[in-house]
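Hi,

Here is the structure I promised to pass on.

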Amino acid sequence: MGQTLVYGILNGALYGIIALGIALVFGVMRYLNLAHGSFIILGAYGSLFLFHLGIDPFASIPLISILLFLAGAVLFKASFSRLTILPEGNKIKNSLLISFGLMLLIDNLATLIWTGDERSITPSYSGFTFGLFGLRLPLIGLMGVLLALVLISILHLFLTRTYFGKSVTAVSQDHEAASLMGININQTFLISFAISLTLASIPSVLIGLKAFSPTAGIQWFNKGIIVVMLSGIGNIYGVFPAGLFLGIMEAISVFLFGAPYREVTGLAVFILIMILFPKGLFGKRIEA
Amino acid sequence: MLKVEHIDVHYGDLQVLWDVSLEVKDGEIVALIGSNGAGKTTLIRTIAGLHKPSSGNISYNGILLNNQSPHKIVALGISMVPEGRRLFPKMTVLGNLEMGAFHKEARPEKDKTLHWVYEIFPALRERSQQSAGSLSGGEQQMLAIGRALMAKNRFLLLDEMSLGLSPLLVKNIFEIVVQINKAGISIFIVEQNVPMTLKVADRAYILESGHIVGQGMAKALLKTAHIREAYLGINPV
């Protein structure tokens with residue numbers, strides 16, 4: 001049971017970081033980026049490429065981050081920027097359409113370039129585990145949790161301590177009023193979108209170290225969006241605990257009913273929570 | 001000086017403003033009065049850059065504002081207090097005020113301006129750490145005005161600021177508007193509360209169904225039969 005919980009927490013941390021990127025874009029601009037998972041997979045291929053050049057996957061995170069940031073900025077300018085003036089409901093619908101197209105494009109290009117084979121980054125420490133109180137703690141999973149915590153702290157400091165970060169919060173609460181404060185909302189949207197893809201770099205490497213194929217993105221996006229909903233829309237700080245919650249629920253179901261029912265249990269818990277707490281687990285508390 | 005020259009404004013196919021012209025000289029309080037749906041808010045939002053005129057020109061100190069985005073217009077010296085206050089409800093009072101000083105020229109002087117805003121609205125200092133959403137209606141309106149003042153601009157657009165406030169609070173707020181004007185800030189005010197507005201304004205324009213149908217010195221307008229009948233409910237004797 002203890003070991004099950006450990007795996008649940010490690011998986012949950014990964015779900016949490018995936019969801020953070022989705023939540024940032026959804027919370028600030030009401031864009032739903034279906035292609036977020038595809039970018040994670042692209043990042044994984046990037047990390048695999050660098051690994052073959054002799055660069056450690058964790059050391060490749062900064063470079064992957066920069067590349068994803070630039071990709072996000074260009075992509076936003078090219079496609080999503082036209083949506084900024086639309087009413088909220090239309091923004092969600094149109095961003096869904098655009099990002100669905102993007103997802104198909106990226107997934108199929110990835111299949112063309114790298115074939116549909118499943119890949120994996122395999123450094124020498126792949127299977128390394130620590131022993132603690134009779135539990136096995138895999139090194140890579142622990143690194144994931146650590147990076148997730150660092151990332152959330154950085155994002156928190158950025159949103160609460162810098163003028164630009166505060167303007168992101170203002171735009172998420174009322175973007176028209178924010179524009180009347182002299183905030184360039186298009187720029188805020190662009191940078192938030194780029195940061196959201198930057199946040200994909202850590203899941204890129206963590207998933208790269210597991211296993212991935214060109215079309216795996218949507219599965220990870222699904223986990224992410226479930227966590228965003230569990231946490232409550234617009235609440236960035238609830239995302240990580242909600243990720244852990246989903247991870248642990250899945251782990252418990254594996255323990256009780258076996259691995260084939262993991263996804264089912266995750267979705268059942270999700271539906272149950274949406275019925276009991278329509279605003280999500282943390283919908284009312286600290287919001288950003 | 002703010003100059004609006006012959007502007008038409010459309011929402012899609014629907015025309016809302018026809019050939020509207022007006023001007024606000026430095027140091028003036030100019031009011032735009034008219035009934036619900038006359039297009040007052042559309043006009044003030046067009047000046048702030050939230051709508052684009054389909055023809056005509058808007059300029060401030062000789063610089064064309066027509067195709068500027070709202071954040072550029074703030075940087076050019078015009079701030080707006082929007083209808084319905086539009087605060088950032090989950091941010092603190094201080095956080096809202098800080099956002100008001102976002103644009104580059106205002107930011108270095110933030111602390112000084114904050115001191116001045118707290119002098120005008122002492123209640124905001126007491127509530128600085130409270131969330132904006134928890135304030136009363138009157139306090140929210142004060143915060144909305146204070147937030148616009150934080151931009152250190154010489155021109156203020158006020159849209160329906162008396163909406164939903166008690167008569168006593170309305171009187172207070174109008175006194176503060178005069179005080180702000182005395183500090184050298186030109187004011188363009190859009191209001192449904194006609195008697196109060198005409199008492200504090202220097203000049204006023206009357207907007208009906210998207211057309212400017214009259215203008216003049218505010219005190220003189222108060223005495224005209226049309227205003228007394230249509231807006232004050234007083235029958236001519």
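In chain A, β1(A) and β2(A) make a hairpin, and two residues sit between the strands. One to look at in the turn is F133(A), which has a positive phi of about 50°. Keep in mind as you browse that this is a predicted model.

If you want a spot to start from, find G131(A): across from it, in β2(A), is R136(A).

Next, the place where the chains meet. Chain A puts 16 residues into the contact, and chain B puts in 20 residues. On the chain A side, the elements that give two or more residues are α6 (163–173) and α7 (175–180). The largest share of that side comes from α6(A), with six residues. What is the side of chain A that touches chain B made of, in terms of nonpolar, polar and charged residues? It divides into six nonpolar, six polar and four charged.

Last, a helix in chain B. Helix α1 of chain B runs over residues 40–47 and is mostly covered, with eight of its eight residues buried. Among the buried ones in α1(B) are K40(B) and R45(B), along with L43(B), I44(B) and I47(B). The threonines T41(B), T42(B) and T46(B) are buried there too. After α1(B) comes G49(B), and its phi is positive, near 95°.

Cheers

Conventions
Residues numbered from 1 in each chain as written. Chains lettered and ligands numbered in written order. Predicted model: local features only at pLDDT ≥ 70, side-chain atom pairs only at ≥ 80, totals over all residues. Pairing = 2+ DSSP bridges. Helix = DSSP H or I, 4+ residues; strand = E, 2+ residues; numbered from the N terminus. Contact = placed C-beta atoms within 7 Å. Nonpolar A, V, L, I, M, F, W, Y, C, P; charged D, E, K, R; others polar. Buried ≥ 20, exposed ≤ 12 C-beta atoms within 10 Å, placed from the backbone.
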